[in-house]
Amino acid sequence: MSEQLIFLDGEYVSKENAKISVYDHGFLYGDGVFEGIRSYNGNVFRLEEHLVRLYDSAKSILLEIPYTKEEMQQIVIETLQKNNLKDGYIRLVVSRGVGNLGLDPFTCKRPSVIVIAESLALFPKKLYETGIEIVTVASRRNRSDVLSPKVKSLNYLNNILVKIEAGLAGVPEALMLNDQGYVAEGSADNIFIVRGNKILTPPGYVGALEGITRNAIIELAKDKGYEMEEAVFTRHDVYVADEVFLTGTAAEVIAVVKVDGRVVGDGTPGQVTNDLLESFRELVIKDGVKVYNSALNAG
Ligand code: PMP
(Lines give C-alpha, C1' and ligand atoms only; values in the text may rest on other atoms or scores of the structure.)
Protein backbone atom coordinates (compact mmCIF):
# COMPACT_ATOMS: atom_id res chain seq x y z
CA MET A 1 0.00 0.00 0.00
CA SER A 2 1.26 3.46 -0.82
CA GLU A 3 2.03 5.96 1.91
CA GLN A 4 -0.80 7.96 3.47
CA LEU A 5 -0.75 11.62 2.40
CA ILE A 6 -2.13 14.43 4.52
CA PHE A 7 -2.98 17.91 3.30
CA LEU A 8 -1.19 20.44 5.48
CA ASP A 9 -1.24 24.13 4.62
CA GLY A 10 -1.12 23.69 0.88
CA GLU A 11 1.12 20.64 0.68
CA TYR A 12 0.67 16.89 0.79
CA VAL A 13 2.95 15.37 3.38
CA SER A 14 3.45 11.93 4.89
CA LYS A 15 1.86 11.06 8.25
CA GLU A 16 5.31 11.30 9.78
CA ASN A 17 5.81 14.82 8.49
CA ALA A 18 2.31 16.07 9.26
CA LYS A 19 3.34 18.27 12.16
CA ILE A 20 1.97 21.48 13.60
CA SER A 21 3.78 24.08 15.71
CA VAL A 22 3.43 23.99 19.49
CA TYR A 23 2.53 27.69 19.13
CA ASP A 24 -0.55 26.89 17.06
CA HIS A 25 -3.56 28.14 19.00
CA GLY A 26 -5.49 25.07 17.96
CA PHE A 27 -3.06 23.14 20.14
CA LEU A 28 -2.64 25.74 22.89
CA TYR A 29 -6.29 26.68 23.30
CA GLY A 30 -8.51 24.48 21.13
CA ASP A 31 -9.00 27.61 19.02
CA GLY A 32 -10.31 26.39 15.71
CA VAL A 33 -13.05 24.45 13.97
CA PHE A 34 -13.35 21.04 12.37
CA GLU A 35 -15.53 18.60 10.45
CA GLY A 36 -15.76 14.84 10.26
CA ILE A 37 -16.97 13.72 6.84
CA ARG A 38 -17.41 10.33 5.17
CA SER A 39 -16.99 9.07 1.66
CA TYR A 40 -19.06 6.10 0.57
CA ASN A 41 -18.01 4.32 -2.59
CA GLY A 42 -16.53 7.51 -3.99
CA ASN A 43 -19.40 9.76 -2.91
CA VAL A 44 -18.58 12.30 -0.22
CA PHE A 45 -21.84 12.32 1.67
CA ARG A 46 -23.31 15.82 1.94
CA LEU A 47 -19.93 17.49 1.53
CA GLU A 48 -21.56 20.82 0.78
CA GLU A 49 -23.52 20.74 4.05
CA HIS A 50 -20.34 19.90 5.97
CA LEU A 51 -18.54 22.82 4.34
CA VAL A 52 -21.40 25.20 5.11
CA ARG A 53 -21.21 24.14 8.77
CA LEU A 54 -17.41 24.54 8.78
CA TYR A 55 -17.51 28.02 7.25
CA ASP A 56 -20.39 29.09 9.52
CA SER A 57 -18.49 27.82 12.58
CA ALA A 58 -15.38 29.71 11.42
CA LYS A 59 -17.32 32.90 10.76
CA SER A 60 -18.92 32.71 14.17
CA ILE A 61 -15.51 32.70 15.87
CA LEU A 62 -14.06 35.31 13.48
CA LEU A 63 -11.72 32.86 11.79
CA GLU A 64 -11.15 33.44 8.12
CA ILE A 65 -10.46 30.22 6.24
CA PRO A 66 -7.78 30.95 3.60
CA TYR A 67 -9.60 28.97 0.89
CA THR A 68 -12.98 29.41 -0.74
CA LYS A 69 -15.58 26.71 -0.15
CA GLU A 70 -15.03 25.53 -3.73
CA GLU A 71 -11.28 25.27 -3.20
CA MET A 72 -11.83 23.41 0.05
CA GLN A 73 -14.15 20.98 -1.71
CA GLN A 74 -11.41 20.34 -4.24
CA ILE A 75 -8.84 19.78 -1.47
CA VAL A 76 -11.11 17.18 0.18
CA ILE A 77 -11.60 15.36 -3.12
CA GLU A 78 -7.91 15.54 -3.97
CA THR A 79 -6.94 14.15 -0.54
CA LEU A 80 -9.20 11.14 -1.11
CA GLN A 81 -7.79 10.65 -4.61
CA LYS A 82 -4.18 10.89 -3.45
CA ASN A 83 -4.89 8.20 -0.87
CA ASN A 84 -6.84 6.01 -3.34
CA LEU A 85 -9.81 6.01 -1.03
CA LYS A 86 -13.37 5.42 -2.10
CA ASP A 87 -14.60 4.65 1.38
CA GLY A 88 -13.05 6.77 4.04
CA TYR A 89 -13.39 9.14 6.93
CA ILE A 90 -12.19 12.68 6.36
CA ARG A 91 -11.09 15.01 9.12
CA LEU A 92 -10.94 18.65 8.16
CA VAL A 93 -9.35 20.99 10.70
CA VAL A 94 -8.87 24.73 10.54
CA SER A 95 -7.07 26.16 13.54
CA ARG A 96 -6.31 29.78 14.40
CA GLY A 97 -2.70 29.13 13.45
CA VAL A 98 0.64 30.06 14.95
CA GLY A 99 0.66 33.00 17.39
CA ASN A 100 2.35 33.90 20.63
CA LEU A 101 1.67 32.26 23.97
CA GLY A 102 -1.13 34.62 24.96
CA LEU A 103 -4.79 33.92 24.29
CA ASP A 104 -5.06 36.76 21.80
CA PRO A 105 -6.06 35.27 18.43
CA PHE A 106 -5.02 38.48 16.68
CA THR A 107 -1.38 37.39 17.12
CA CYS A 108 -2.04 34.43 14.80
CA LYS A 109 -1.04 35.28 11.26
CA ARG A 110 -2.62 32.53 9.22
CA PRO A 111 -4.98 29.68 10.02
CA SER A 112 -3.58 26.17 9.70
CA VAL A 113 -5.58 23.90 7.40
CA ILE A 114 -5.39 20.13 7.64
CA VAL A 115 -7.25 17.41 5.74
CA ILE A 116 -6.76 13.79 6.77
CA ALA A 117 -8.44 10.92 4.94
CA GLU A 118 -8.30 7.36 6.17
CA SER A 119 -10.35 4.23 6.64
CA LEU A 120 -12.38 4.18 9.82
CA ALA A 121 -14.96 1.95 11.36
CA LEU A 122 -16.09 3.43 14.65
CA PHE A 123 -18.00 0.58 16.16
CA PRO A 124 -17.33 -3.07 15.29
CA LYS A 125 -19.74 -4.32 12.60
CA LYS A 126 -21.40 -6.71 15.03
CA LEU A 127 -22.67 -3.84 17.16
CA TYR A 128 -24.84 -2.62 14.27
CA GLU A 129 -26.64 -5.96 14.48
CA THR A 130 -26.83 -6.24 18.26
CA GLY A 131 -27.11 -2.56 19.21
CA ILE A 132 -25.17 -0.89 22.03
CA GLU A 133 -25.61 -0.12 25.69
CA ILE A 134 -25.27 3.45 26.95
CA VAL A 135 -25.42 5.18 30.32
CA THR A 136 -26.27 8.73 31.33
CA VAL A 137 -23.18 10.52 32.60
CA ALA A 138 -22.77 13.25 35.21
CA SER A 139 -21.04 15.63 32.78
CA ARG A 140 -23.56 18.04 31.31
CA ARG A 141 -23.64 19.59 27.85
CA ASN A 142 -22.20 23.10 27.58
CA ARG A 143 -25.00 25.62 27.85
CA SER A 144 -26.01 26.62 24.35
CA ASP A 145 -26.18 30.30 25.34
CA VAL A 146 -22.55 30.15 26.49
CA LEU A 147 -21.02 28.31 23.55
CA SER A 148 -23.35 27.65 20.65
CA PRO A 149 -23.52 23.95 19.76
CA LYS A 150 -23.71 25.14 16.14
CA VAL A 151 -20.01 26.00 16.36
CA LYS A 152 -18.14 22.76 15.81
CA SER A 153 -15.02 23.94 17.56
CA LEU A 154 -11.80 22.16 18.44
CA ASN A 155 -12.72 22.60 22.09
CA TYR A 156 -14.12 19.14 22.80
CA LEU A 157 -13.28 18.85 26.47
CA ASN A 158 -16.95 18.65 27.37
CA ASN A 159 -17.35 15.67 25.07
CA ILE A 160 -14.09 14.09 26.20
CA LEU A 161 -15.30 14.12 29.81
CA VAL A 162 -18.36 12.22 28.60
CA LYS A 163 -16.16 9.73 26.77
CA ILE A 164 -14.10 9.19 29.94
CA GLU A 165 -17.23 8.47 31.95
CA ALA A 166 -18.48 6.09 29.26
CA GLY A 167 -15.13 4.29 29.25
CA LEU A 168 -15.13 3.97 33.04
CA ALA A 169 -18.64 2.54 32.88
CA GLY A 170 -17.51 0.06 30.22
CA VAL A 171 -19.90 1.21 27.49
CA PRO A 172 -19.05 2.53 24.02
CA GLU A 173 -21.09 5.74 24.19
CA ALA A 174 -23.00 7.80 26.75
CA LEU A 175 -25.96 10.11 27.05
CA MET A 176 -25.42 13.73 27.98
CA LEU A 177 -28.12 15.90 29.54
CA ASN A 178 -28.17 19.68 29.33
CA ASP A 179 -27.94 22.00 32.34
CA GLN A 180 -31.68 21.63 32.93
CA GLY A 181 -31.61 17.88 32.84
CA TYR A 182 -33.14 17.46 29.38
CA VAL A 183 -31.65 14.93 26.98
CA ALA A 184 -29.07 16.61 24.72
CA GLU A 185 -26.91 14.13 22.78
CA GLY A 186 -24.05 11.62 22.97
CA SER A 187 -20.36 12.54 23.06
CA ALA A 188 -20.21 12.66 19.25
CA ASP A 189 -23.67 11.71 18.05
CA ASN A 190 -27.30 12.74 18.15
CA ILE A 191 -30.06 10.76 19.81
CA PHE A 192 -33.46 9.72 18.49
CA ILE A 193 -36.26 7.92 20.34
CA VAL A 194 -39.25 6.11 18.88
CA ARG A 195 -42.57 5.69 20.66
CA GLY A 196 -45.49 4.27 18.67
CA ASN A 197 -45.20 5.87 15.26
CA LYS A 198 -43.64 9.05 16.64
CA ILE A 199 -39.92 9.75 16.30
CA LEU A 200 -38.36 12.44 18.47
CA THR A 201 -34.95 14.11 18.56
CA PRO A 202 -33.94 17.09 20.71
CA PRO A 203 -33.89 20.52 19.02
CA GLY A 204 -30.56 22.33 18.65
CA TYR A 205 -31.28 24.82 21.44
CA VAL A 206 -31.34 22.01 24.00
CA GLY A 207 -27.60 21.72 23.35
CA ALA A 208 -27.36 19.19 20.53
CA LEU A 209 -25.22 19.75 17.46
CA GLU A 210 -27.49 19.83 14.44
CA GLY A 211 -25.75 16.85 12.91
CA ILE A 212 -25.64 16.27 9.17
CA THR A 213 -26.64 12.63 9.78
CA ARG A 214 -29.40 13.79 12.15
CA ASN A 215 -30.78 16.10 9.48
CA ALA A 216 -30.65 13.35 6.87
CA ILE A 217 -32.53 10.99 9.20
CA ILE A 218 -35.17 13.66 9.94
CA GLU A 219 -35.73 14.07 6.18
CA LEU A 220 -35.83 10.32 5.56
CA ALA A 221 -38.25 9.77 8.44
CA LYS A 222 -40.60 12.46 7.11
CA ASP A 223 -40.34 11.11 3.54
CA LYS A 224 -41.23 7.66 4.80
CA GLY A 225 -44.32 8.98 6.53
CA TYR A 226 -43.22 8.72 10.13
CA GLU A 227 -44.37 11.39 12.56
CA MET A 228 -41.02 13.12 13.04
CA GLU A 229 -40.68 15.87 15.64
CA GLU A 230 -37.92 17.91 17.22
CA ALA A 231 -38.95 17.96 20.86
CA VAL A 232 -37.55 18.42 24.35
CA PHE A 233 -37.62 15.20 26.38
CA THR A 234 -36.24 13.63 29.53
CA ARG A 235 -34.46 10.42 30.47
CA HIS A 236 -37.84 8.95 31.39
CA ASP A 237 -38.92 9.23 27.75
CA VAL A 238 -35.75 7.41 26.70
CA TYR A 239 -36.36 4.64 29.27
CA VAL A 240 -39.90 3.97 28.04
CA ALA A 241 -39.18 4.37 24.31
CA ASP A 242 -39.83 1.46 21.97
CA GLU A 243 -36.57 2.18 20.17
CA VAL A 244 -33.55 4.40 20.70
CA PHE A 245 -30.79 5.09 18.21
CA LEU A 246 -27.79 7.37 17.73
CA THR A 247 -26.67 9.13 14.57
CA GLY A 248 -23.36 10.65 13.51
CA THR A 249 -20.88 10.70 10.64
CA ALA A 250 -18.62 8.22 12.40
CA ALA A 251 -21.35 6.21 14.18
CA GLU A 252 -23.78 6.34 11.21
CA VAL A 253 -27.09 4.97 12.61
CA ILE A 254 -26.69 2.62 15.56
CA ALA A 255 -29.36 1.11 17.77
CA VAL A 256 -29.25 1.53 21.54
CA VAL A 257 -30.68 -1.50 23.31
CA LYS A 258 -29.98 -0.63 26.95
CA VAL A 259 -29.98 2.74 28.73
CA ASP A 260 -28.96 3.01 32.40
CA GLY A 261 -29.78 -0.67 32.88
CA ARG A 262 -33.24 -0.38 31.29
CA VAL A 263 -33.73 -2.65 28.30
CA VAL A 264 -35.09 -0.74 25.30
CA GLY A 265 -38.03 -2.49 23.62
CA ASP A 266 -37.20 -6.18 23.28
CA GLY A 267 -33.46 -5.57 23.62
CA THR A 268 -32.68 -5.78 19.91
CA PRO A 269 -32.51 -3.08 17.19
CA GLY A 270 -36.08 -2.08 16.35
CA GLN A 271 -37.96 -2.04 13.08
CA VAL A 272 -37.96 1.75 12.65
CA THR A 273 -34.23 1.97 13.37
CA ASN A 274 -33.48 -0.77 10.84
CA ASP A 275 -35.80 0.79 8.28
CA LEU A 276 -34.09 4.19 8.61
CA LEU A 277 -30.62 2.61 8.59
CA GLU A 278 -31.45 0.85 5.34
CA SER A 279 -32.66 4.08 3.72
CA PHE A 280 -29.62 5.90 5.07
CA ARG A 281 -27.30 3.35 3.44
CA GLU A 282 -29.05 3.95 0.12
CA LEU A 283 -28.79 7.72 0.52
CA VAL A 284 -25.09 7.93 1.41
CA ILE A 285 -23.91 6.55 -1.90
CA LYS A 286 -26.09 8.96 -3.87
CA ASP A 287 -26.33 12.30 -2.11
CA GLY A 288 -23.07 14.24 -2.15
CA VAL A 289 -20.03 15.04 -4.25
CA LYS A 290 -18.34 12.42 -6.41
CA VAL A 291 -14.62 11.83 -5.85
CA TYR A 292 -13.84 10.07 -9.11
CA ASN A 293 -15.29 10.82 -12.50
CA SER A 294 -17.07 8.02 -14.31
CA ALA A 295 -14.06 7.24 -16.54
CA LEU A 296 -11.98 6.59 -13.46
CA ASN A 297 -14.77 4.59 -11.88
CA ALA A 298 -14.93 2.35 -14.92
CA GLY A 299 -11.23 1.65 -14.72
N1 PMP B 1 -22.91 15.77 18.24
C2 PMP B 1 -21.59 16.01 18.41
C3 PMP B 1 -21.14 16.65 19.65
C4 PMP B 1 -20.67 15.63 17.42
O5 PMP B 1 -19.37 15.85 17.57
C6 PMP B 1 -21.14 14.99 16.25
C7 PMP B 1 -20.16 14.52 15.20
N8 PMP B 1 -19.88 15.54 14.29
C9 PMP B 1 -22.52 14.78 16.11
C10 PMP B 1 -23.38 15.18 17.12
C11 PMP B 1 -23.10 14.17 14.86
O12 PMP B 1 -23.01 15.10 13.80
P13 PMP B 1 -22.81 14.63 12.29
O14 PMP B 1 -23.97 13.77 11.95
O15 PMP B 1 -22.79 15.89 11.51
O16 PMP B 1 -21.54 13.89 12.23
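How many C-beta neighbours does N41 have inside 10 Å, and what does N41 count as? N41 has 13 such neighbours and therefore counts as partly exposed, since the partly exposed class lies between the 12 or fewer of an exposed residue and the 20 or more of a buried one. The model is predicted. Its protein chain is divided into domain 1 (5-118) and domain 2 (125-283), and 14 residues surround a ligand.

**Domains and their contact**

- The C-alpha centres of domain 1 and domain 2 are 26 Å apart.
- Domain 1 puts 20 residues into the contact, and domain 2 puts in eleven residues.
- On the side of domain 1 that touches domain 2, at least two residues come from each of β3 (32-40), α2 (47-60) and β5 (88-95).
- β3 gives the largest share of that side, seven residues.
- By class, the side of domain 1 that touches domain 2 has five nonpolar, eight polar and seven charged residues.

**Ligand shell**

- Of the 14 residues that surround the ligand, the closest are G211, I212, T213, G248 and T249.
- The shell around the ligand is made up of eight polar, three nonpolar and three charged residues.

**Nonpolar cores**

- The largest nonpolar core contains 42 residues.
- Within this core, the residues with the most contacts are F192, I193, I217, V244, F245 and V256.
- With neighbours within four places in sequence left aside, V256 is in contact with G131, I132, I134, V244, F245, L246 and V264.
- Another core lies apart from the largest one and has 27 residues, including F45, A58, M72 and V284.

**Helix α2**

- L62 follows α2 and has a positive phi, near 55°.

**Helix α5**

- For helix α5 (residues 157-169), 13 residues at 1.5 Å a residue should span 18 Å; the end C-alpha atoms of α5 are 18 Å apart, which agrees.
- Just after α5 comes G170, with a positive phi of about 75°.

- N41 is a residue other than glycine, and its phi is positive, near 45°.
- N41 sits in the loop between β3 and β4.
- E252 is not a glycine either, yet its phi is positive, at about 60°.
- The place of E252 is in strand β14 (residues 252-259).
- Is E252 buried or exposed? E252 has 22 other C-beta atoms within 10 Å and is therefore buried, as the cut-off for a buried residue is 20 or more.

Technical notes: Residues are numbered from 1 along each chain as its sequence is written. This is a predicted model: local features need pLDDT of at least 70, side-chain atom pairs count only at pLDDT 80 or more; totals for chains, interfaces and linings use all residues. Helices (H or I, at least four residues) and strands (E, at least two) are DSSP runs, numbered from the N terminus. The expected span of a helix is 1.5 Å times one less than its number of residues. A nonpolar core is a set of buried Ala, Val, Leu, Ile, Met, Phe, Trp, Tyr and Cys residues joined through C-beta atoms within 7 Å. Two residues are in contact if their C-beta atoms, placed from the backbone, lie within 7 Å. A residue is near a molecule or strand if its C-beta atom, placed from the backbone, lies within 6 Å of it. Ala, Val, Leu, Ile, Met, Phe, Trp, Tyr, Cys and Pro count as nonpolar, Asp, Glu, Lys and Arg as charged, and the others, Gly among them, as polar. Domain bounds come from an automatic or database domain assignment.
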